[in-house]
Amino acid sequence: QERFSRRGRGGGGGGRGGPNLGPGGFLVLGVVAAIAWLATGVVIVDEGERAAVFRFGEYQKNFAPGLHVHLPAPIETHEVLPSERQQETQIGINQGESLMLTGDENIVDVQFRVFWYYDGET
């Protein structure tokens with residue numbers, strides 16, 4: 001009898017299932033997750049760069065160098081771009097991308113480079 005009564009009180013051996021977080025633990029996890037989510041809306045822009053901000057993929061504004069805050073992802077996102085140096089885009093450098101089909105269904109081999117400069121004002 002005594003052996004079975006100890007079992008009912010947890011004295012029968014066996015380990016605990018693991019740590020129990022309880023309501024306080026879930027609250028802490030929720031606060032940490034909220035802080036991490038809000039941190040996606042903080043951007044540091046260095047000198048010589050500009051940040052373009054997009055709301056649901058549509059351009060909204062530019063940020064100059066410094067610390068800036070915008071709405072967190074996925075509502076607003078940002079892309080940091082170098083602004084004080086010449087950029088280059090090459091089209092047709094690889095063989096597969098240089099062949100294009102014209103309107104009259106001829107195939108042409110096109111290779112060109114575009115040099116551009118982003119001033120951050122627009």
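Arg55 and Glu76 form a salt bridge in this predicted model, with their closest N and O atoms 2.5 Å apart. Arg55 belongs to strand β2 and Glu76 to strand β5, so the pair ties together parts that are 21 residues apart in sequence. That contact is a handy way into the structure, and the points below start from it.

**Salt bridges**

- The structure holds 2 salt bridges, and the pair of Arg55 and Glu76 is one of them.
- In general, side chains of opposite charge can pair when their charged atoms come close.
- How exposed is Arg55? With a relative accessibility of 33%, Arg55 counts as partly exposed.
- Is Glu76 buried or exposed? Glu76 is buried, at a relative accessible area of 2%.
- Glu88 and Arg113 also meet through their side chains in a salt bridge, at 3.4 Å from N to O.
- Glu88 sits in strand β6 (residues 87–91) and Arg113 in strand β9 (residues 112–116), so this pair ties together parts that are 25 residues apart in sequence.
- Glu88 counts as partly exposed, with 39% relative accessibility.

**The sheet around β2**

- Three strands make up an open sheet, in the order β3-β2-β5, and their pairing is antiparallel.
- β3 (58–63) and β5 (76–82) stand at the edges with a single partner strand each, so one side of each has no neighbour in the sheet.
- On average, neighbouring strands of this sheet are turned by 25 degrees against each other, direction ignored.
- How many bridges join β2 to β3? There are 5 bridges between these two antiparallel strands.

**The nonpolar core**

- Which residues form the largest nonpolar core? Its 5 residues are Val43, Val45, Ala51, Val53 and Phe63.
- β1 (42–45) and β2 (49–55) each supply at least two residues of this core.
- Val53, one of the core residues, is also in contact with residues beyond its neighbours within four places in sequence, among them Glu58, Tyr59, Phe63, His70 and Glu76.

**An aromatic pair**

- The structure holds 1 aromatic pair.
- The ring centres of Phe54 and Tyr59 are 6.2 Å apart and the ring planes stand at 70 degrees, so the pair is edge-to-face, a label for planes over 60 degrees apart.
- Phe54 is partly exposed, with a relative accessible area of 23%.
- Tyr59 is partly exposed too, at 39% relative accessibility.

**Gly66 in β4**

- Gly66 has its place in strand β4 (residues 66–69).
- Which residues does Gly66 touch, leaving out those up to four places away in sequence? Gly66 touches Val43, Ile44 and Val45, and Val43 and Val45 belong to the largest nonpolar core.
- Gly66 and Glu49 are 17 residues apart along the chain, and their C-alpha atoms are separated by 9.8 Å.
- With a relative accessible area of 25%, Gly66 is partly exposed.

**Backbone points to look for**

- Most residues other than glycine have a negative phi, and most peptide bonds are trans.
- Phe56 is not a glycine, yet it has a positive phi of about 50 degrees.
- Phe56 lies in the loop between β2 and β3, and at 65% relative accessibility it counts as exposed.
- Glu105, also not a glycine, has a positive phi of about 65 degrees.
- Where is Glu105? Glu105 lies in the loop between β7 (99–101) and β8 (107–109), and it counts as exposed at 66% relative accessibility.
- Ala73 and Pro74 are joined by a cis peptide bond, with omega at about 5 degrees.
- Pro74 is found in the loop between β4 and β5.

**The chain as a whole**

- The protein chain has 3 helices and 9 strands.
- From the N terminus on, its elements run α-α-β-β-β-β-β-β-α-β-β-β.
- Of the 122 residues in the protein chain, 18% are buried.
- Among contacts between residues at least 6 apart in sequence, 50% join residues at least 24 apart.

How values were computed. Residues are numbered from 1 along each chain as its sequence is written. This is a predicted model: local features need pLDDT of at least 70, side-chain atom pairs count only at pLDDT 80 or more; totals for chains, interfaces and linings use all residues. Side-chain values use heavy atoms; hydrogens and water are left out. A nonpolar core is a set of buried Ala, Val, Leu, Ile, Met, Phe, Trp, Tyr and Cys residues joined through side-chain atoms within 4.5 Å. Buried means under 20% relative accessible area, exposed over 50%, partly exposed in between (1.4 Å probe, protein chains only). Helices (H or I, at least four residues) and strands (E, at least two) are DSSP runs, numbered from the N terminus. Contact means heavy atoms within 4.5 Å. Two strands pair if DSSP finds at least two bridges between them. Axes are lines fitted to C-alpha atoms, for helices over the stretch in contact, and angles run from 0 to 180 degrees between N-to-C directions. A salt bridge is a side-chain nitrogen of Lys or Arg within 4 Å of a carboxyl oxygen of Asp or Glu. Rings of Phe, Tyr and Trp (its six-membered ring) pair if their centres lie within 6.5 Å; planes under 30 degrees apart count as stacked, over 60 as edge-to-face and the rest as tilted.
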